[in-house]
Structures are given as C-alpha cells and as structure tokens.
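Student: I would like to understand how the words used for a structure follow from the values behind them. Could we go through them term by term?

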Amino acid sequence: MQVTVYPLPEAVTESAWAIREGPPYVDLENRILSVPLAEDPHACFLRAHEQAHVKWTPARCRPDRLAASGTSWLTLQAVEDCRMHALLTGAGVDLTAGGLAAPARLSLARRMRAAGDFREAVLCAVAAFATGDFADLAAACDGPLADAPQLATEVRGRLERCGLDYEATVRVARWLDTKLGRRDRPTDNGRTSGELPGGSLAALLYGPNGNPGHAGLAGCRPDEPGAEGRFVPWGVMTIRHPELPLPVAAYTGPLRATDGGAFLRYPHRETVDRRVFAARRPRKGGTLLIDMSGSMSLTAADVEQLLAHSPASTIAVYSADRSAGVLKILARHGRRAAAADLLRPAGQFNVIDGPALDWLATQPPPRVWLSDGRVTGVNDVAGEGNREYANRVCGTAGITRTPTTADARKFLAADRPLV
Ligand SMILES: [Zn+2]
C-alpha cells in the first residue's frame, strides 16, 4: 500500500503553509512547501531538509537581497543547505539516506565529473556534506576536482565556528566565493548568469531555496520556452466561488418516451411498446475546466456560449499572474454566475495548470479541459516535468483535452446514453 506522509510546517512556525506534492522546494515568502509525500527514506530526508528551511532560513534569504552584499546566489544556497544539515544533525535527525536514490545520485556524480567544473563540484559537495549523498559525489571528484570535498569540509567547519545562524551562511558564502571566483553575477532582477547549461547541478540536489519568482529556479528565465527535463513549481491556486444567481437555460434534457410517468404524450405507442409517457432525459452533466490564459484568446462571450450549451455541467475558468492564480467556478447544479463574472479571473498566464487539473480530477465526469495544451509553472516557464504532470493527471482521471470551444460544447451537450 502506498502511504502518503504529510509534513507539518505549522509545527515549527506559527502560520499556515500550503503543502504540495512535488519536487523539493520551499517558497519562504509565500509559505509554499513542495515535497515528495512518499514513505521512502529519501523522501523522508527531503521533507526534513525543506522543513529545516522553514524553521531556520529567514524569508530575507532571497537573491534580490544579495546583490548588495556581493555574494552569489548559488554559493549562498549551497552553504545554506550545508547549514541546514549541520542543524538537523544537531537536532538528532538521521541524514544517512540522502535525498537521492542511488541511480539518481550516481548519475548526478557522473554529470559533475563530466562537466569538470571545480566550482560546481565544490557547491555540490558543500550542499551534500554530512548526508548520505556526499560519499558518491566526493568519490567522483578526481583530477581537477580533487580538492572539492576538502573545501566542503572547511565550509562546514567555518559555519560551526561562526555559530550556525543565517549570518554565518552569508559570511561563509562570501569567503567561499573568494576561493572559487565569482562566476554568476547577480543581474538587476536577481537572476544570475554564467550557470552551467541546463542549470546548476548543486541546485538539482535538494531543489532551490527561497522565492521562486527569483533565481531559485536556476537557469529558468521567464518566457523561456522549454526548460527541458525540468519541473517548474506550480503557482499558488485560489478557488473562488462567486454567487450563482441565474438559472442555466434549458437545464432539463429533451423529452423521451417511457412506460411510466404522469405526462401522457405518446398514446399511439400503446400498441407498440407501451411507452406512452414522456420524461425529461437527463442531461450529461460533467465538468468543464477552461484555460483562460492569454494564448487561448477566449472572451467573456465565448464563456457565455459554453454556459448556454452545457446546461448541466460544472464549469470553471482559470488563469494566473507569474506566481499565483485563480480558479473561478461559474456554474454548478443548474445555476450560473452573472455576466460580470465571466472575465479572465486573474493574469494572462497559465502557471496553475497542475493544481487546476487536480481540482478537475475530483469533479463529476465526464471531465473536459478546454486548453491548447501549453502548461507552465511559476514565471510562466514551461518544463517537461510540468507537461508530464498534466498528462499523468489527465490519464488517471480520464480528462479529455480539447483546444476548441465547439468540441467542448459537443462533448458536454451530448445526452447521456440511456441505461
Ligand atoms: Zn535546501
């Protein structure tokens, strides 16, 4: 049996956190914690790691706050991970499993060795120091990378001598940058340049720290198509329930003949099949989820059409700005929202496709997703992992995707087959 284990960040901070199943990632500012929820020891390690950030990493740990201090964001993230592991060890947490299963860890070690980049190797060793991931990474450090594990040991020692608070991270990161030479220069929006193609390997280890709207997603730049092979965290989704003051027209279905009832309508059938009564044929209900991001170019009038032609359906629209979005329910149980509520519910981006599809998966079937198939995470960045996520939800929940309003209408207006 698959067991789902929920972390409880509220146990370490006062306020509520949004917990999301996914790759390890924490957004300290918006209080989002993304972690794997499986029971295996690596998932358990990653939950401990991210919850350590919740407890010990201050919200000011952001790339845009670093520009002035002269520290590079990637270095700071690796040193901060090292500090988390020192504090977790001090708290008695067992870190021997590491965050990666053996094949993934060895593949990362191979990539690190093939890149032959001393700075990357040091950052990986620093981030993984004193965890079950360290040994394989250190073993891959030969030739020009040979000094990397030693430097990681020194980082840990310096952190401990500085007292293991966040200021220690900033100070040790600055020292480490003088050793490595700065390569990633903070740009004015807080992102960095000069990373390895495909992003920093160190950032792949335990996921980015800090605010996803900034450099946390190493290598992902806004509007950059296809961060291949990567999962970009979804934005935060809010569900809105506007008032549904209007009845949906023609909620009941067309008449059909039946052999029981009170509405005598087909007396001529008495001798044929005795189905002389008429009853309303139930409409196919179902749920329609409408992607209202800019690329879909849907107007309130299009949504109005869909409402008129899908009388028995639950209908919702969604869109987002760069980091958060809104799913708005426009029709349910034969009632619908007023015309003023049919506009795009938030910004022009996708960003919340994952959570919106998760919602659709819980609604009455048949389930239709009106979308051009483009899915994105924060900053409207498309990742291969995000497409896979959407495909997986559609597959398991039997969701039909259609790019045209005409097809969506046809699908939902069709009568349920008689039983
Ligand atoms: Zn971390």
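The dialogue below takes up some terms and sets each against its definition.

Tutor: Please keep in mind that this is a predicted model, in which local features need pLDDT of at least 70 and side-chain atom pairs count only at pLDDT 80 or more, while totals for chains, interfaces and linings use all residues. Residues are numbered from 1 along each chain as its sequence is written.

Student: What makes up the secondary structure of the chain?

Tutor: It comes to twelve helices and 13 strands, where helices (H or I, at least four residues) and strands (E, at least two) are DSSP runs, numbered from the N terminus.

Student: Why is L357 called buried?

Tutor: A residue is buried if 20 or more other C-beta atoms lie within 10 Å of its own, exposed if 12 or fewer, and partly exposed in between, with C-beta atoms placed from the backbone. L357 has 26 other C-beta atoms within 10 Å, and therefore L357 is buried. Of the 419 residues of the chain, 45% count as buried.

Student: Which residues does L357 touch, leaving out those up to four places away in sequence?

Tutor: L357, which lies in helix α10 (residues 353-360), touches W369, A390, V393, C394 and I399; a contact requires that the two C-beta atoms, placed from the backbone, lie within 7 Å. L357 and I399 are 42 residues apart in sequence, yet their C-alpha atoms are 8.7 Å apart in space.

Student: How do you know that strand β12 pairs with β13?

Tutor: Two strands pair if DSSP finds at least two bridges between them, and four bridges join β12 to strand β13 (residues 399-402), the two running parallel.

Student: What makes the phi of V351 and D380 worth a remark?

Tutor: Most residues other than glycine have a negative phi, and most peptide bonds are trans. V351 is not a glycine, but its phi is positive, about 60°, and D380, also not a glycine, has a positive phi of about 60° as well. V351 sits in the loop between β11 (335-336) and α10 and is buried, because 33 other C-beta atoms lie within 10 Å. D380 lies in the loop between β12 and α11 and counts as buried because it has 24 C-beta neighbours inside 10 Å. A cis peptide bond, with omega of about -5°, joins P365 and P366, and P366 is in the loop between α10 and β12.

Student: Why are β1 and β2 said to stand at the edges of their sheet?

Tutor: Three strands form an open sheet in the order β1-β3-β2, with mixed pairing. β1 (18-21) and β2 (25-27) each have a single partner strand, so one side of each is left without a neighbour in the sheet. Four bridges join β1 to strand β3 (residues 32-35), which run parallel, and I19 stands opposite L33 in β3.
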